[in-house]
Amino acid sequence: MPMRAILVGAVESTQVALRALAAAPDWTLAALVTLPPELSARHSDFVDLGDAARALGAEVVHAANCNELAVLDRLRALAPDVILVIGWSQLCGADFRAVAPMGTVGYHPAALPRLRGRGVIPWTILLDEPITAGSLFVIDAGTDSGPILAQHFFHVARDETAQTLYDKHMAALATMLPPLLTRLAAGDTAGAPQDERHATYAARRRPEDAEIDWRDDAATIDRLIRACGEPYPGARTRSAGGEITVLAAERRPGRGHDAAFAGQVVARDDASFTVRCGDGELLCVTRWQRDRPGPPPLHVRLG
């Protein structure tokens with residue numbers, strides 16, 4: 001008889017997990033716990049998986065908080081063997097973790113125990129990490145601190161963007177989940193304890209953390225733009241014409257326009273504008289959006 005799983009999540013990694021469960025002969029998806037449509041804005045990378053879950057015969061449980069009493073009662077009634085929490089930005093309380101006898105498994109987009117916490121994909125780029133990993137682990141009472149069940153390491157490119165790193169994590173998760181599901185179905189739930197000596201923590205990132213300060217050097221600004229781009233809301237700057245979301249930019253080698261201020265637009269056309277940074281280097285913004293229609297700006301504010 002197949003093992004029963006409940007999947008909790010609302011983003012692309014949840015979709016990867018759902019597909020892995022659908023293809024696993026030893027497992028059946030009992031339910032998907034996901035956000036109600038009216039709360040989809042919580043995640044810029046939200047994916048509606050309700051129809052896909054129902055097509056597998058799974059129940060869809062909409063929840064604003066997975067720890068709510070009504071949600072817990074429903075999950076207990078479904079009698080899962082394991083719960084997979086993949087793509088869900090809430091801590092799982094003790095009552096939640098006690099629902100499934102084989103435990104609760106999470107995915108974290110970092111080389112645990114390094115970079116536990118929030119906003120990990122942007123932080124990986126902002127910290128200029130050369131190597132990272134996708135980590136499947138047992139969720140315990142701490143923050144991303146439980147035993148590691150599987151890890152997949154890979155390099156972070158010098159020009160990595162949030163989207164390319166995100167895609168690498170989706171591939172890592174798709175690689176790791178099938179063999180882990182086979183292990184769990186065989187009753188193997190053993191994980192390797194994390195070494196607390198190497199634990200680091202990533203703080204939550206807020207919209208204001210994506211504000212560009214043009215007094216910074218070009219490398220720092222470029223890194224911020226790459227870290228905050230799609231599937232996230234993007235880095236931000238302002239001009240006399242309103243707020244601008246910067247989605248992509250290119251560094252221009254060498255110095256130029258010494259007789260210009262940091263934040264001054266020194267060149268522009270219909271599709272781009274070039275700004276002098278604090279170190280004198282130039283950054284050409286190649287993809288951007290304005291909060292109201294208008295041409296490329298003549299000047300951007302420092303911060």
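A network of salt bridges links Glu-211, Arg-236 and Glu-243. The model is a predicted one. In total, 16 salt bridges are counted.

Three residues, about one turn of the helix, separate Arg-54 from Asp-51. Arg-54 is partly exposed, at a relative accessible area of 44%. Asp-51 reaches 64% and is therefore classed as exposed, the cut-off being over 50%.

Helix H7 holds another such pair. Asp-222 and Arg-226 form a salt bridge, and their closest N and O atoms are 3.0 Å apart. The two residues are four places apart in H7, so about one helical turn lies between Asp-222 and Arg-226. Residues three or four places apart in an α-helix point the same way, because each turn takes 3.6 residues. Both Asp-222 and Arg-226 are buried.

A further salt bridge joins the side chains of Glu-59 and Arg-74, at 2.8 Å from N to O. This pair links distant parts of the chain. Glu-59 belongs to strand E3 (residues 59–62) and Arg-74 to helix H3 (residues 69–78), 15 residues apart. Glu-59 is partly exposed, with a relative accessible area of 29%. Arg-74 is also partly exposed, at 33%.

Helix H1 covers residues 12–23, 12 residues in all. At 1.5 Å a residue, H1 should span 16 Å. The C-alpha atoms at its ends are 17 Å apart, which agrees with that expectation. The buried residues of H1 are Ser-13, Thr-14, Val-16, Ala-17, Leu-18, Ala-20 and Leu-21. Their cover includes three strands, E1 (3–8), E2 (27–34) and E4 (82–85). Helices H2 (50–55) and H6 (162–185) also contribute to that cover.

The largest pocket has a volume of about 1,500 Å³. Its lining comprises 49 residues. Nearest the centre of the pocket lie His-43, Ser-89, Arg-118, Gly-119 and Val-120. Strands E5 (104–108) and E7 (131–138) each supply at least two lining residues. Helices H5 (120–126), H6 and H7 (218–228) each do likewise. By class, the lining of this pocket has 23 nonpolar, 16 polar and 10 charged residues.

Definitions and conventions:
Residues numbered from 1 in each chain as written. Predicted model: local features only at pLDDT ≥ 70, side-chain atom pairs only at ≥ 80, totals over all residues. Heavy atoms only, no water. Expected span 1.5 Å × (residues − 1). Buried < 20%, exposed > 50% of the residue type's maximum accessible area, 1.4 Å probe, protein only. Contact = heavy atoms within 4.5 Å. 1 Å grid on protein atoms, 1.4 Å probe; cavity = no way out; pocket = protein on both sides within 12 Å on 5 of 7 lines; lining within 4 Å. Points joined across faces, edges and corners; volume = space filled by probe spheres on them. Nonpolar A, V, L, I, M, F, W, Y, C, P; charged D, E, K, R; others polar. Salt bridge = Lys/Arg side-chain N within 4 Å of Asp/Glu carboxyl O.
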